[in-house]
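Please read these notes with the model open beside you. They go point by point.

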Amino acid sequence: MLKINQLHKSYPIGDSSLHVLKGIDLKVEEGEMVAIMGSSGSGKSTLLNIIGMLDEADSGDYILDGLPIKDLTEKKAAVYRNKFLGFIFQSFNLINYKNALENVALPLYYQGMKRKERQEKALFHLEKVGLADWAQHLPKELSGGQNQRVAIARALAANPKLLLADEPTGALDTKTSHEIMAFIQQLNDEGKTILMVTHEEDIASMCKRVVRLRDGVIMEDKKVEQVRAEQYV
Amino acid sequence: MFKFLFDRDTWQEVYDSFSKNKLRSVLTMVGVWWGILLLIGLLGSARGLENSFNRLFGDFATNSVFIWGQNTGKPFKGFQEGRRVQLSLRDTKLIKENVEGIEFVVPRSQNQATVVRNFLSGSFRIAGDYPLLDKVEKKKLIHGRFINQNDIDFDKKVVVLSEDVYKQLFEKNENAIGAYVQINNINFKVIGMFKTSNINMGPPIDMHIPFTTFQGIYNTGDKIGWMMITGELEYDIVQIEKDAKLLLKNLNDIHPKDNRALGSANAGKEIGKVTGFLTGMQFLTWFVGIATLIAGVFAIGNILLITVKERTKEIGVRRALGATPFEIKRQIVVEAVFLTLVAGILGIISGGWILIGLDAAYGQGDDAAIVNASVSIAVVFIALIILVILGTLIGLIPAFKATSVKPIEALREE
């Protein structure tokens, strides 16, 4: 599904440069649910951004579903992101003047799907996250948990191969966090591959595999016994 | 690309991003609205002024020159300086025959005369004219007719008088046509009355009588006071004036370099000056209008730049969801063009209202200062096309700005 070889990334800071990723090797199979952990500055977000084609590595190979991701033009990266990836952000990143349905339909709009088809599909995904009744509401009229569910519906809308979540529960209280995690677990049960960045141990323990980063290298990579989130809900 | 323009979603996006900040969108449009309003208002007023000048000059054959004799400025052929030059009918005939490009030459004699009617009298400028005068200097007749060939042939004692004379010699509402007035103790029948023109070549004439009659009562014989020369349209009236004057100098024993002996007024030249002024005003109008318009369009570009800056994160999200840089740019350019167009159309409409207002205030009546203030549809279309082009160009700046940031940096923006 996803294969990364000797990935390096550094950012220029003034005259010197900061070496953030120092040779990452990672392989993720289809249907896995991986938590990337690490303290701030460990490079976990950078890794996720490179996997999400929002950022580019300096060197190393990145192969997504058999497709080498290298030297992409902005246009090509946009098409790949749309086709292969779904993003879930810590701060939801919904467009605040669009209602839930329109937000979910946005990736489909960029796919060039017809309006009607798009809205049907978006509504289907909203139903799936249990927010069909809230379709016409603006993000500010929804709670944090609801907003994140809308964001998840949006990430799912284009039926991506890989879901990337950057601290999906970072802005939520514990109870809502568990609800969201339960939902993400359910998606994984249905076969979606999920890659998640978090620094919370209990959230990481709800994944099937934990990768720990420190100072740009992988310290630990192990399968864990998944804690089901439903029991807390 | 065109399918995109007719896509409902495109306009939904435009509508969303404007309704998000209505006040700012409106303020942005004010710049362009004001620019095009000024352009339309100024162009229309300039056209109105031009029309009113044209109406004033409309009474004249614009390719005409008036020539009269003065005192010589140089001694020549035994004649002393300061001799009075007396033009004659023979001169007019020879000019007509020898100068190239002349449509007709009309002689005129004039004098000051005391006119009496019953117990009222006045001193007026009287001219002996040919019917052709009406072609050179159109008389606005209120009643009756102008002198005709029959009057000339039979030396009829008829007079065409101005409204001013009528006011002095007649009672209010009295019918002047058919009445008699005494000019130099000779009875003349009034056959017409004309409205005094605002513009005259030479001194204004109060009464016109047939040329031949004038010859008879003043015993002028062959002598004439003026001649009016009208050139064919394709000939240059300034050249005709030169040729005619040279011929006249020859015929009347005037030194070829004597510039004082013959006086002249060239209608073509005078009108040319005014037309030049009007052209200058048109140019100034365009300049001011377009400059204001450009300032307005820059205001739009400026605001869009701020908007794009504010929406950096949103644009980042859109790109993460699969919007290509082209799609982002296209959207911003469409917004820019849409803003300029709407503002421009509103400006054109309100500019039209201003012209309607001007017309109501200054455009009524015969002596209106601004006649039919208007702009042509072509100008409106050109203005709209300029707006679209400028809108596109100015929209490209924020559009490139929006996609110059990497999506990851855009997403980090708070």
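1. A nonpolar core here is a set of buried Ala, Val, Leu, Ile, Met, Phe, Trp, Tyr and Cys residues joined through C-beta atoms within 7 Å. A residue is buried if 20 or more other C-beta atoms lie within 10 Å of its own, exposed if 12 or fewer, and partly exposed in between, with C-beta atoms placed from the backbone. The largest such core has 113 residues, and Ile36(A) and Leu195(A) touch the most other members. Helix H3 (residues 22–57) of chain B is the top contributor to this core, with eleven residues. A separate core holds 51 residues, including Leu161(B), Met193(B), Ile205(B) and Ala261(B).

2. The model is predicted: local features need pLDDT of at least 70, side-chain atom pairs count only at pLDDT 80 or more, and totals for chains, interfaces and linings use all residues. Residues are numbered from 1 along each chain as its sequence is written, while chains are lettered from A and ligands numbered from 1 in the order in which they are written.

3. Chain A has ten strands and seven helices. These are DSSP runs, numbered from the N terminus: helices are H or I of at least four residues, strands E of at least two. Of its 233 residues, 46% are buried. Contact means C-beta atoms, placed from the backbone, within 7 Å. Of the chain A contacts between residues at least 6 apart in sequence, 67% link residues at least 24 apart.

4. Leu195(A) deserves a look. Leaving out residues up to four places away in sequence, Leu195(A) touches Val28(A), Val34(A), Ile36(A), Leu48(A), Ile51(A), Leu162(A) and Leu164(A).

5. Which loop holds Thr198(A)? Thr198(A) sits between strand E8 (193–197) and helix H7 (201–204) of chain A. Thr198(A) counts as buried because 25 other C-beta atoms lie within 10 Å. Its C-alpha atom is 6.7 Å from that of Ala35(A), 163 residues away along the chain. Beyond four places in sequence, Thr198(A) touches Ala35(A), Met37(A), Glu167(A), Ile203(A) and Ala204(A).

6. Now the interface. On it, 18 residues of chain B contact 20 residues of chain A. On the chain B side, helices H2 (8–19), H11 (312–320), H12 (325–362) and H14 (407–412) each give two or more residues. H11(B) gives the most, with four.

7. An unreviewed UniProt entry places "transmembrane region" at residues 26–46, 283–308, 336–356 and 368–397 of chain B. UniProt positions follow the numbering used here, feature names are shortened, and annotations may be inferred rather than shown by experiment. Residues 26–46 of chain B are 100% helix and 0% strand, with end C-alpha atoms 29 Å apart. Residues 368–397 of chain B are 70% helix and 0% strand, with end C-alpha atoms 47 Å apart.

Conventions
Contact = placed C-beta atoms within 7 Å.
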